[in-house]
Amino acid sequence: MNDIYEQLRDRLEMMATGYPAAANGVELKILRQLFSEEDADLFLKLPAQPETAAEAAARLGADAADIAARLEGMARRGLIFRVRSDDAIRYFPVPFIVGIYEFQLNNLNLPLLQDISQYYLTGLGATFHGQKTPHLRSIPINADIVAENPVFPYDDAAAIIRSKSRIAVAECFCRKAVSIYGKTCAHPLETCLQFETFADYYVENKMARWITTDEALAILKQSEAEGLVIHILNSQKVEAMCCCCSCCCGMLISLKLFPAPALAVKSNYACHLTPALCTDCGICARRCTVGAFKMKDDKIEFHADRCIGCGLCVTTCPTAALKLTKKSAERLYTPPPTVYDTYAAMSREKGHGHE
């Protein structure tokens, strides 16, 4: 195989969420928009583990200053990840999702979005939703509503925020994409929270701004009021948190199409309805983003197989007919320690080792 972009596609296909070939070749068209041939060649030469520019140059037998400039340039264009630790800057490749795609926040344009939408329908979507380990998890909008407190630390949105030393907020990628299509969304644009090294990367790349813990908690409170679902990266460390609306979020839009969304998420909680307390007011049906509650003949119907455990229905139920309960022990899910462990698990499921 001589085409550098085909080689790049195959490397990305080996990573986490994958990047399969499409019959119409649109996946190569996308890569050509994002990567120069020199970028693609260097990406292919990077190991999975982070390394400094000096280490990369020594390994490749290349000029250190040239490699440093190229790696930093690729990091600033969202093609690789940059992490600062022990007074050193290290770089490493990331999957297309979550990674390269989301890191194009400042570079979105209509032709790119149209190509990616076409690719999602002709190849990416099937592999994206076909894995056992997901890249995102939904968690309760408010831990206080869970009947069996305390919730797991990695399931408590407010506790996650309070545990972070560095927090940044970025524009919602999905809402920004929808706006480029010329559509509108009533929800705030700045709702994507990044933590620690992810926050560093976003701020350094001018995709986000620093905020305080109190400001992040205020975003969480506003999200609850507006009925936004909390999605986090699937890890115990929780490197990022999204506040998602069902009109723009690609994940929620996809979940709504599933016959049983509850089976497609890794939530540790589920809603429980006490019919005797329900007055059929319909608030839960309006709040639910995946159709777990529906009005039929002026009566509420609850479809447990559609519940993703977000708790948005519970916080506004006027009669306490709804509560969020922890799933049985055999159904509980423990996320990988970090998002990098999540990537490794997803890659192993695809049969590609630890790439």
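The largest pocket in this predicted model has a volume of about 1,100 Å³. A pocket here is an open set of points on a 1 Å grid over the protein atoms alone, where a 1.4 Å probe fits, with protein on both sides within 12 Å along at least five of seven lines. Its lining takes in 48 residues, with Y101, C174, C249, G250 and M251 nearest the centre; a lining residue has an atom within 4 Å of a point. Helix α7 (residues 110-128) gives the largest share of that lining, seven residues. By class, the lining splits into 36 nonpolar, eight polar and four charged residues.

| Pair | Angle | Axis distance |
|---|---|---|
| α1 (residues 4-13) and α3 (residues 37-45) | about 40° | 9 Å |
| α1 and α2 (residues 26-34) | roughly 100° | within 10 Å |

So α1 and α3 are oblique to each other, and their crossing is left-handed. On the α3 side, E37, A40, D41, F43 and L44 make the contact, meaning heavy atoms within 4.5 Å. That contact has seven nonpolar, one polar and three charged residues.

α1 and α2, therefore, sit roughly perpendicular to each other, a label that covers 65 to 115 degrees, with under 35 roughly parallel, over 145 roughly antiparallel and the rest oblique. Y5, E6, L8, R9 and L12 of α1 meet E27, L28, L31 and R32 of α2.

Residues are numbered from 1 along each chain as its sequence is written. As the model is predicted, local features need pLDDT of at least 70 and side-chain atom pairs 80 or more, while totals for chains, interfaces and linings use all residues, and side-chain values use heavy atoms, without hydrogens and water.

Note on methods: Axes are lines fitted to C-alpha atoms, for helices over the stretch in contact, and angles run from 0 to 180 degrees between N-to-C directions. Helices (H or I, at least four residues) and strands (E, at least two) are DSSP runs, numbered from the N terminus. A crossing is left-handed if the near helix is turned anticlockwise from the far one by less than a right angle, and right-handed if clockwise. Ala, Val, Leu, Ile, Met, Phe, Trp, Tyr, Cys and Pro count as nonpolar, Asp, Glu, Lys and Arg as charged, and the others, Gly among them, as polar. Grid points are joined across faces, edges and corners, and a volume is the space filled by probe spheres set on the points.
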